[in-house]
Amino acid sequence: MVHSAYDSFQLLTDCPTKIDAIESYGSKLLLGCSDGSLRIYVSDSSGADRSPPSDPHALRKEPYALERTVAGFSKKPLISMEVLESRELLLSLSESIAFHRLPNLETIAVITKAKGANVYSWDDRRGGRGFVEVKDFGVPDTVKSMSWCGENICLGIRKEYMILNATNGALSEVFSSGKIAPPLVVALPSGELILGKIRSLRVPYPLIQTIVLPGARRLTKSNNAVVVALEKSVYGLFPVPLGAQIVQLTASGNFEEALALCKLLPPEDASLRAAKEGSIHIRYAHYLFDNGCYEEAMEHFLASQVDITYVLSLYQSIVLPKTTAVPEPEKLVDLSLDAPQLSRGSSGMSDDLETFLPQLAESDENSALEFKKMSHNTLMALIKFLQKKRYSIVEKAAAEGTEEVVLDAVGDSFTSSRFKKSNKGRGNVPINSAAREMAAILDTALLQALLLTGQSSAAVELLKGLNYCDAKICEEILHKGHHYAALLELYRSNSMHREALTLLHQLVEESKSNQLQAEPIQKFSPEAIIEYLKPLCGTDPMLVLEFSMLVLESCPTQTIELFLSGNIPADLVNSYLKQHAPNMQGRYLELMLAMNENGISGNLQNEMVQIYLSEVLEWYSELSAQQIWDEKAYSPTRKKLLSALESISGYSPEALLKRLPPDALFEERASLLGKMNQHELALSLYVHK
């Protein structure tokens, strides 16, 4: 027996004659007896402790006593009878079918064509003023009981239940009624049928309850119960309240049946229904989880609307941000009871688990593999659960952030006392930010589960989008596991740009020296730093300048393109280079002039010529000291200087002329004199020197 759907109660006993037919009329019982009499019973309310009935038209769960006997009601023993409530008629089958008016039982019609019938079934929706024979279907044996069921008729034939299609006469078997008891069929108000085994009509027709009533002869329904007639006694089967049935089913582990019954609770009990369904889903989820059905367990956790922290408490290896309130689950499944906890920092699934499994003997290898597989499956189920919950939780967190931005924009002074500074990139977060707190828990757990199952690329994608991963926890996990691509995205999403660029520089240097062992496939080039810097030009140009110095020498063209595309003022760049990378200042100005001739100011042109001249003078001093100076010698820088003196006009020739030695660099002197319109002196130098 699965659970008790009905309570059995003996309504009357010691009927003086054998009971052939039984029916209820309101709160009364009508018994058709073998002597042709009709005996009418009512509830025995003589006891002082009897409470008034809640429904005067329902059978009462108390003993019944004889009210009156109608002798000679039928010439032959009654086969069956039925009260037609909508018409206030009593339909009876004996040697023919008769109709009597209730409550006085006067005869109003007798259908003689039905003479010899042994069973009938009345459908109130089909009954008209008269009776017309419509169809005749053959059946394999004598029909012992039957009932309309929509457009079909359920038949009890021999010891089997069959369904007859009333349109085409097709027969299909349902199940056996048992080896001894005859088939009994009763239609319920819900449209379902109650059969002699009392089975659910949902496939695969599971047995719900067995009520032992030896010698049961007749089965009928009343407004609130099922009535069973034995030879000389009558029992009422009163439905157990749905709430009690649900409790029974849940306690016995029949969760699907319990959930099905929850849907039968009346609409006015919507809150009760939701609470019961939630509780059942949670218990069912724990049962499935304990038995290795992890994905199915997560589906029931989802259906229960339980807080994600409840489910995450099953995963003791997952590190979560501190929260104001984490509900304690009814039952925790801690994998560490049977084997070590999952790692939070290893780079792949095999590494994650193998690193933390103890060194096992060969005989224990199967156990280790089984644990590893179980751990992977539990985490994969968790990932699906979190991904299904994520959209609504992140949406709430984002909406909360948008509301704060609006409040800040309108200058709501009240908000100033409510907000505190959170980790970088998150702006002002309210002290009691439940939505973002939950989003942080979810994303932090999801990131760890992805890493523990070897899904590094999925972890990177999570961090690239809007996310609420706890920066401190995830930074530690990613760093320990050498998940550098994901760590960079974590830094980026939290506006921790200095940390990201420092890591990038370290990775670039390690890539150069081939020392990066954790991710041998992924190499980091200097261009990666430039790509990272591009979005920062407009918001933090000084940070861009600081870290661009690391790649200016190896990627000069791309770096200067970065300055140009990012609209960083050239004077600012030149000033920074002059202070921090003077050896690259001239190169920057050269490329600036080559890439954007009109974009370089007179001040920067003068700066570039001064740099060239300084280098030429240093070169001249070295050669003079060695007494090998040759006026006709041209170094690359001297060529640049002469070209610049001729091609650009933004410099100050007077200032440059003062720096030239009196006995050398005559071509530079002549060029400068020409710029100063002192052409005779210039020509004199060309002629004499």
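**A friendly note on salt bridges and helix packing**

1. Let's start with a close pair of charges. The side chains of Glu 277 and Arg 273 form a salt bridge, with 3.4 Å from N to O. Please keep in mind as you read that this is a predicted model. Both residues sit in helix 3, four residues apart, which is about one turn of the helix.

2. Which of them is buried, and which exposed? Glu 277 counts as buried because its relative accessible area is 16%, and buried means under 20%. Lys 263 is exposed, at 54% relative accessibility. Arg 273 is partly exposed, with a value of 29%.

3. The structure holds 20 salt bridges, and another one to find on your screen joins the side chains of Glu 590 and Lys 640, at 2.9 Å from N to O. This pair, too, links distant parts of the chain: Glu 590 is in helix 17 (residues 585-595) and Lys 640 in helix 19 (residues 636-647), 50 residues apart. Glu 590 is buried, with a relative accessible area of 19%, whereas Lys 640 is partly exposed at 37%.

4. Next, turn to a pair of helices. Two packed helices are described by the angle between their axes and the distance between the axes. For helix 8 (residues 434-452) and helix 9 (residues 456-464), the axes come within 8 Å and cross at roughly 155°. Because angles over 145 degrees count as roughly antiparallel, helix 8 and helix 9 are roughly antiparallel to each other. Their crossing is left-handed.

5. What do these two helices use to touch each other? On the helix 8 side you will find Asp 443, Leu 446, Leu 447, Leu 450 and Leu 451, and they meet Ser 456, Ala 458, Ala 459, Leu 462 and Leu 463 in helix 9. The residues of this contact divide into eight nonpolar, one polar and one charged.

6. Eight of its ten residues are buried, so helix 11 is largely enclosed by the rest of the structure. The buried ones are Tyr 484, Ala 486, Leu 487, Leu 488, Glu 489, Leu 490, Tyr 491 and Ser 493. They pack against helix 9, helix 10 (471-480), helix 12 (497-512) and helix 13 (526-533). After helix 11 comes Ser 495, which has a positive phi, near 55°.

7. Finally, visit helix 4 (residues 294-303). Its buried residues include Tyr 294, Ala 297, Met 298, His 300, Phe 301 and Leu 302. Helix 4 is followed by Gln 305, whose phi is positive, near 60°.

Key. Residues numbered from 1 in each chain as written. Predicted model: local features only at pLDDT ≥ 70, side-chain atom pairs only at ≥ 80, totals over all residues. Heavy atoms only, no water. Salt bridge = Lys/Arg side-chain N within 4 Å of Asp/Glu carboxyl O. Buried < 20%, exposed > 50% of the residue type's maximum accessible area, 1.4 Å probe, protein only. Axes fitted to C-alpha atoms, helices over the stretch in contact; angles between N-to-C directions. Parallel < 35°, antiparallel > 145°, perpendicular 65-115°, else oblique. Left-handed = near helix turned anticlockwise from the far one by under 90°. Contact = heavy atoms within 4.5 Å. Nonpolar A, V, L, I, M, F, W, Y, C, P; charged D, E, K, R; others polar.
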